[in-house]
Amino acid sequence: MLVAAAAALLMWLVTNVAPREWHVPEADIVVDGVRYRAGPDELRWLESFTAAHFDAGGKAARALVADEVDAALDGLLDASRARLPEFLDWYYSLSGEYSRIAMAALEAAGLAAPGYVAERAASILLPEDAWTARLAGLESTAAARLSAHYRDVESAWRAEVAMRLSARRIPAPLGPGADRRPTLVLDGLVRDIIARETDALGLRVSLSTATAGVGAAAAPALARAVGARAGRAVAGRAAARGVSRIGAAAAGGAAVCAPGGPAAAACALLAGAGAWLATDWALLYVDEAMHRDELERALDLALTNLRAELERELDAAFDAAIAAHGAAVQREISRTFVPAEAGRDASGASTSSGDGGTGRDSGV
Amino acid sequence: MTVLAARMLALLALAAGAWLVHVFGRVLPTWGAGLVLVGLAAPITLGLARRGRLRCAAFRAVYLRPDSAVGRRLGGSVLIHVRAALVGGLLALVLFSALVRLADEAAWAVLVVGAPAAGGVFALWRNGLRGTFTARYLPEVAWRLTVAVAGVAMGAVLVWLAFHRPYPDVGGVTLERAVWHFVDQERARSAPVELLLQLAAVKDGVRLWIAQQLMPQPGLSAGQAVGWLIVLAEEAVFVWSYLSFLCPVVIESKHDERRDVTG
């Protein structure tokens, strides 16, 4: 009876008490389809290395983009500087003079918007077509270089991970679910990073469009500076011309047409107009001789300031895109490495239902 | 309580010890696993040595004069114990890895039932053959027949259980992946224990891979027969080591032998 009771008790124990399993805090890592077994130290290293590597990649991307922006703005400003003589020629021409006077009169009468000279300067120095083409070139070049850069960053990351974990390579499990350890499929992480990089490029496209608007808004600012400088000259010249033109016209008409008899009035009108134009031309000539270089330097300085402002704007725009990309990558890295936490925090021994063991008779 | 009942309880205690090895074998520290191995090897060695002395005594009684020089020197004490210790250590390793890895509850039921059953079968054989064999050799004969009966029965059930156990399909994978599948599941706190378990897993992986390569289609074939012969041999070794572990409880001590002789 006692034997039967002991046997029954032992039978109950063997069928109801599970063996104690020893769990090693490990996780499987899949990179480029190759599986590695990583312990807590390797997991910590991999997470910190991945974060640091892509962060450094982001910093390098900023420097790369800054170079691109610098080169693009150099080209843009060189072209603008090359157009300075064209603007100055117009500015110191009679047509330019009378255009400004006419537009000033219309502006005073409320028939035209202010800033004619500013718009003219912007249209000559910063033509929309050239500006748009240059930004489009910057956008495509930067995108291509960033794309290549991120590919290099990912390739270097893969190579380093494969090299560091080469001693921990393991065969693939027999099938889905055959391995119950946490598995980090870092191919997915790389895919997501590439997708986010593509998103960042899309963001840059919209940013470059916005930056084109910034340029268009900055151009009038440049032109207003020119207009302020020119306005002072125009006012000086107008005051001088107001007296000299009238005097020259009256003197010219009286001198030339005094003996004209009945045709003296028409003669005086023509002679006065001629004297008016000649006076204006002479005054413009003198003004150009005195102030053209100064105006050119002022415009050059304004273009330089505009370039610096645009560089800041573009760098900020690209930095924002790269920073957003970097933040997304870091989030992706943190999210990806969460499954490994279970492996890291697992205690050594725990009770399981016995499914971790294999049958001794796992034979034919 | 009768002697037989006490013996069966002792056998159940040994079976419980074997089950505890299964429960805690993977979480033992190395020194603990060493003690467990000694605990497995000691009874096996004791049983083997006791049987060896019985055989030696029988040989002396039959073939040698008691007063001869050879008869006096052929006590067999040292050689028998050394040989028993070597075999016992080897069987303890086999038994330890097998017990730790034996996850089938039905197989454990076989071991639990088999322990007292072995004691009962031994008692039956001993009583049945008491009039045929001398008292000194009777335990050895009864044990051999017990191993033949109980061992074959246990082995047959274990093979039957192995036959109905599901196995992973490794027919289409490389040997490396097949072996790794089994090795990767063997974890233990003690590195030597883990190595021992993984070596046993390598054996399982190689055997299963070869078997499934040789006989991809179900049905009888020479390869299948070879595969099952290997399983049979494994079960035989396991049952042999398990019964050897129970042996010192079943076979009487010298005191019992004397009692049998006198009474």
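**Entry 1: chain B, layout**

Going from the N terminus, I read the elements of chain B as α-α-α-α-α-α-α-α-α-α. That is ten helices and zero strands; helices are DSSP runs of H or I with at least four residues, strands are E runs of at least two, and both are numbered from the N terminus. I'm looking at a predicted model, where local features need pLDDT of at least 70 and side-chain atom pairs count only at pLDDT 80 or more, while totals for chains, interfaces and linings use all residues. Residues are numbered from 1 along each chain as its sequence is written, with chains lettered from A and ligands numbered from 1 in the order in which they are written.

I looked up contacts in chain B next (two residues are in contact if their C-beta atoms, placed from the backbone, lie within 7 Å). Of the contacts in chain B with a separation of 6 or more, 78% are between residues 24 or more positions apart.

**Entry 2: confidence**

I checked pLDDT, the predictor's confidence in each residue, from 0 to 100. Chain B has a mean of 85, with 90% of its residues at 70 or more. Chain A has a mean of 75, with 71% of its residues at 70 or more. Two stretches got a flag from me. Residues 345–364 of chain A stay under 50, and the model has 58 contacts for them beyond four places in sequence. Residues 255–263 of chain B also stay under 50, with six such contacts. For the complex, the predictor gives an ipTM of 0.84 and a pTM of 0.67.

**Entry 3: B:Ala18 and the cores**

Is B:Ala18 buried or exposed? I count B:Ala18 as buried because it has 23 C-beta neighbours inside 10 Å. The cut-offs are 20 or more other C-beta atoms within 10 Å for buried, 12 or fewer for exposed, and partly exposed in between, with C-beta atoms placed from the backbone. By that count, 43% of the 263 residues of chain B are buried.

B:Ala18 sits in helix 1 (residues 3–24) of chain B. Leaving out residues up to four places away in sequence, B:Ala18 touches B:Leu99, B:Leu111 and B:Phe245. Its C-alpha atom is 8.9 Å from that of B:Val100, 82 residues apart along the chain.

Then I went for the nonpolar cores (sets of buried Ala, Val, Leu, Ile, Met, Phe, Trp, Tyr and Cys residues joined through C-beta atoms within 7 Å). The largest has 81 residues, and B:Ala15, B:Leu95 and B:Leu246 have the most contacts inside it. Beyond four places in sequence, B:Ala15 is in contact with A:Leu10, B:Leu111, B:Val112 and B:Ala115. A second, separate core has 38 residues, including A:Ala38, A:Ala72, A:Leu314 and A:Ile333.

**Entry 4: where the chains meet**

How many residues does each chain put into the contact? I get 34 from chain A and 49 from chain B. On the chain A side, helix 1 (2–16) and strand 1 (20–22) each supply at least two residues. Helix 1 of chain A gives the largest share, nine residues.

**Entry 5: the sheet in chain A**

I found an open sheet of four strands in chain A, order 4-3-2-5, with mixed pairing; strands pair if DSSP finds at least two bridges between them. Strand 4 (169–170) and strand 5 (183–185) of chain A each have a single partner strand, so one side of each lacks a neighbour in the sheet. Strand 3 (residues 34–38) of chain A runs antiparallel to strand 4 of chain A, joined by two bridges. Opposite A:Tyr36 I find A:Arg169, in strand 4 of chain A.
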